[in-house]
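Open the viewer and keep the selection tool at hand. This tour goes from one selection to the next.

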Amino acid sequence: MPRRVNLPGADELFRATAPRLSATPAPEVAGPESPNPDQHRASGRVKHDEKMTVYLTSEELIALEQARIQLRAELGRKIDRGRLVRAAMALALEDIAARGSDSDIARRLADS
């Protein structure tokens, strides 16, 4: 057994998440209006090409999980953390675009 450890290179660790062009078309997934009820509905998931890491306190993470579980109970759908955070971020950005420095997020950031 060799003593030297082989570590993966950057090409193995980092990969692009942008969709690659393929010669074969992706299989179609039936929507709610599909005549074939045996096929599954699309999940609504979107492949993203960028990644961002966000650090949370324990209290913030618990609040996020509680909100996710509450939405799952009320909507009857699984909602992962990423979708919940992206939806909240989209609402905050829309609020900033519409109201500028009068937006709720701008006031909260100004107070902190």
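A salt bridge here is a side-chain nitrogen of Lys or Arg within 4 Å of a carboxyl oxygen of Asp or Glu. This is a predicted model, where local features need pLDDT of at least 70, side-chain atom pairs count only at pLDDT 80 or more, and totals for chains, interfaces and linings use all residues. Residues are numbered from 1 along each chain as its sequence is written, and side-chain values use heavy atoms, leaving out hydrogens and water.

**Stop 1: a charged pair.** Select Arg81 and Glu65. They form a salt bridge, with the closest N and O atoms 2.5 Å apart. Arg81 lies in helix α3 and Glu65 in helix α2 (residues 58–75), so the pair ties together parts 16 residues apart in sequence. Helices are DSSP runs (H or I, at least four residues), numbered from the N terminus. In total, the structure holds five salt bridges.

**Stop 2: α2 against α3.** Now show both helices. Their axes come within 10 Å and cross at roughly 95°. Axes are lines fitted to C-alpha atoms over the stretch in contact, and angles run from 0 to 180 degrees between N-to-C directions. α2 and α3 are therefore roughly perpendicular, a label for angles of 65 to 115 degrees. Select Leu61, Leu64, Glu65, Ala67, Arg68 and Leu71 in α2; they meet Arg81, Leu84 and Val85 in α3. Contact means heavy atoms within 4.5 Å.

**Stop 3: α3 against α4.** Move on to α3 (residues 81–99) and α4 (residues 104–111), which pack at about 95° with axes 7 Å apart. Which residues of α3 meet α4? Ala92, Asp95, Ile96 and Arg99 do, touching Asp104, Ile105 and Arg107.

**Stop 4: the surface.** Finally, select Met52, Val54, Leu56, Leu61, Met89, Leu93 and Ile96. Together they form a nonpolar surface patch with about 640 Å² of accessible area. Patch residues have over 30% relative accessible area and no salt bridge, with nonpolar side chains joined within 5 Å. The areas come from the Shrake-Rupley method with a 1.4 Å probe. α3 gives the most to this patch, with three residues.

Definitions and conventions
Helix = DSSP H or I, 4+ residues; strand = E, 2+ residues; numbered from the N terminus. Patch = residues over 30% accessible without salt bridge, like charges linked within 9 Å, V, L, I, M, F, W, Y side chains within 5 Å. Parallel < 35°, antiparallel > 145°, perpendicular 65-115°, else oblique.
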